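The sequence and the structure are shown here.

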Amino acid sequence: SDSHSHLQSMERHMKEMEEKLKREESELSVQRQNSERAVRLLEMTKSLSNTQKIDDLFASVMSKAENLLNADRATLFLLDKKKKQLWSRVSTGVDPIRIPMDTGIVGQCVMHNKPLRVDDAYKCQFFNQDVDRKTGYKTKTVLVMPVRSSSGEVIGALQVINKQETEGLGSITFDDNDELMLESLCDHIAVAVEHCEKGDATKKEHMEGMSRLQALQDQLALAEQRELDVKNDQSRADFMMKLTQSLSGSLKIDDIIKQVCAQTKKLLGAERVTLFVMERDGRTLFTRVTEGKDTIRVPVDKGIVGETVRLKQTVVIADAYEDPRFNRSVDLRTGFRTKAVLSIPVLSALGEVVGVLQSVNKLDGSEFVDSDVKVAQQFAMQVGMSVANSLAHGESEAEMQKNLQLMNQMSAELEFLKL
């Protein structure tokens, strides 16, 4: 009897334990689901935030392009191959539209992969008057340029319409200089479109596209300020030519800098090499060339990068986690473990800090040594000449050619040393 009672007591206790365990498992499952939902929600929020940033950058670039070309309206059309349509990714002064890919002047541009310049739209056989009829707008002059991928394939078109007459400048039709500048703009925009608009774009590709757009926006903003000094047709022609050359050259230099960064990383045996560039406000640096996924922005008075700017000197650290200047927030966010750090100021010809070149973690687990410092300093000295002008502020054709030669030379030298 006692043993039977004891057995029943144990059974009740076991059932209570099982029920408690089920409740705890149920609660844990709910917590896990809530946690997963929170993570998904956070990712969606970040994605929407990035999408908004990209939209804002595209809109800003188009607005500035419109102003620089003295156009009344500008539209970036992208090609939807599956639907055989062109859709307006960004448009000023008109609602978003979709049209068959072979319709109108923009359709001819896309179908034949060549620019079109029209002085009187209503005399052009390709012009589709439907939009004008619906809106009451009167299209006169048109300039449209294909947007081509890195392989030369047409992925869209950039169209500006109705050249505006400016006081002191007689031309009210688009000219050769307008066409050259629009072509250069399309080269920049194509990089951003390829990185941001494809359905399977990675986070890194999105950030790269945003970075390209941000750099283009900065150049165009400065160009808008300089254009105020233009007094006549000839000076405007000179201005447009220099701007076009600067836009074209900055893409070339950007690519060369990336190549040299990759070669420097191999030469130093480093896990990562990152180029931080000073914002125009002088208060923040951002990653222009980075091995990570995200663009990182760093206040000039924070962390090892900030210390490098403040001292205007090379900073070498054996273990970042033992240095009070190191900011662990990026590591905590990304899961990366920073150990050895080599941080070098990038100076302009005037001796101003325009960036920081930072190498992280020797692949063999050792520290950075004097020979590493010399290689990185040499690169920082060369890249500083380009960063000071090309990546942020624009430059003359002579400066552009000089910097391209220097960067190509540096690239070749590092390639030789790597062998």
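Asn113, which follows helix 2, has a positive phi near 55°. Helices are DSSP runs of H or I with at least four residues, strands are runs of E with at least two, and both are numbered from the N terminus. The model is predicted: local features need pLDDT of at least 70, side-chain atom pairs count only at pLDDT 80 or more, and totals for chains, interfaces and linings use all residues. Residues are numbered from 1 along each chain as its sequence is written, and side-chain values use heavy atoms, with hydrogens and water left out.

Helix 2 is largely enclosed by the rest of the structure, because 7 of its 9 residues are buried (under 20% relative accessible area; exposed is over 50% and partly exposed in between, with a 1.4 Å probe and protein chains only). These buried residues are Gly104, Ile105, Val106, Gly107, Gln108, Cys109 and Val110. They pack against strands 1 to 6, contact being heavy atoms within 4.5 Å.

Gln108 lies in helix 2, residues 104-112. Leaving aside residues up to four places away in sequence, Gln108 touches Asp102, Asn113, Leu116 and Phe126.

Ser151 is located in the loop between strand 5 and strand 6. Its side chain forms a polar contact with the side chain of Ser149 at 2.9 Å; such a contact is a pair of N or O atoms within 3.5 Å, where within protein one must be able to donate a hydrogen and the other to accept it, and residues adjacent in sequence count only if both atoms are side-chain atoms.

| Residue | Relative accessible area | Class |
|---|---|---|
| Gln108 | 18% | buried |
| Ser151 | 61% | exposed |
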